[in-house]
Amino acid sequence: MKERKPLNTDELLFVGKKEDLISAQRTVVSLQGRDVLIIYHEGEFYAIDSYCYHSGSSLETGDIEELNNKLCIICPKHKYKISLCDGEGLYRARDRSQSPPPLRWFSKGVKQRVHPIIEIQGELYLRPATSGYIESDYYQDVFCFIHKCLT
Ligand code: FES
């Protein structure tokens with residue numbers, strides 16, 4: 001995959017009116033060639049890249065659950081769990097360091113790109129997070145390339 005073009009981080013990107021995003025609950029917006037899922041859940045907004053880091057499925061219809069004290073979206077395709085706050089991938093397995101090994105949550109590290117979202121006078125803006133490379137960037141590149149070819 002070729003080197004990705006950096007997003008402009010100097011400006012906030014308009015996402016939409018707060019009341020519209022609340023009534024929609026989930027909205028996919030295309031910002032600077034990036035498809036971002038905006039979620040309104042229990043009074044909070046979250047912005048997370050739309051395509052799952054595992055295999056590129058849309059996260060738009062994923063269930064939301066609190067797992068290991070983190071609010072997570074569960075990818076509809078293979079049920080990977082992703083923290084909405086920081087994009088951390090979580091999985092549950094036996095902890096072999098203990099006997100008998102109990103089930104507990106483990107971290108895969110940050111796998112999905114999330115973005116800060118800011119409210120200004122009833123409108124929401126996103127500040128694109130661009131640092132480093134995160135696994136979900138691969139599917140952003142693939143799908144944005146396909147969208148560009150189709151339009
Ligand atoms: Fe999301 Fe596989 S595509 S878990």
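Is C85 buried or exposed?

## Cysteines

C85 counts as exposed because its relative accessibility is 55%, whereas C75, at 2%, counts as buried. Here buried means under 20% relative accessible area, exposed over 50%, and partly exposed in between (1.4 Å probe, protein chains only).

The whole structure holds 0 disulfides, a disulfide being a pair of cysteine sulfur atoms within 2.5 Å. For C85, the nearest cysteine sulfur belongs to C72 and lies 8.7 Å away.

## Basis of the model

The model is predicted: local features need pLDDT of at least 70 and side-chain atom pairs pLDDT 80 or more, while totals for chains, interfaces and linings use all residues. Residues are numbered from 1 along each chain as its sequence is written, and side-chain values use heavy atoms, with hydrogens and water left out.

## An open sheet

An open antiparallel sheet is formed by 3 strands in the order 1-12-11. Strands (E, at least two residues) and helices (H or I, at least four) are DSSP runs numbered from the N terminus; two strands pair if DSSP finds at least two bridges between them. Strand 1 (13-17) and strand 11 (117-120) are the edges, each pairing on one side only.

Strand 11 is joined to strand 12 (residues 123-126) by 4 bridges. E119 has L124 of strand 12 as its bridge partner.

## Helix 2

I146 lies in helix 2 (residues 137-150). Its relative accessibility is 36%, so I146 counts as partly exposed.
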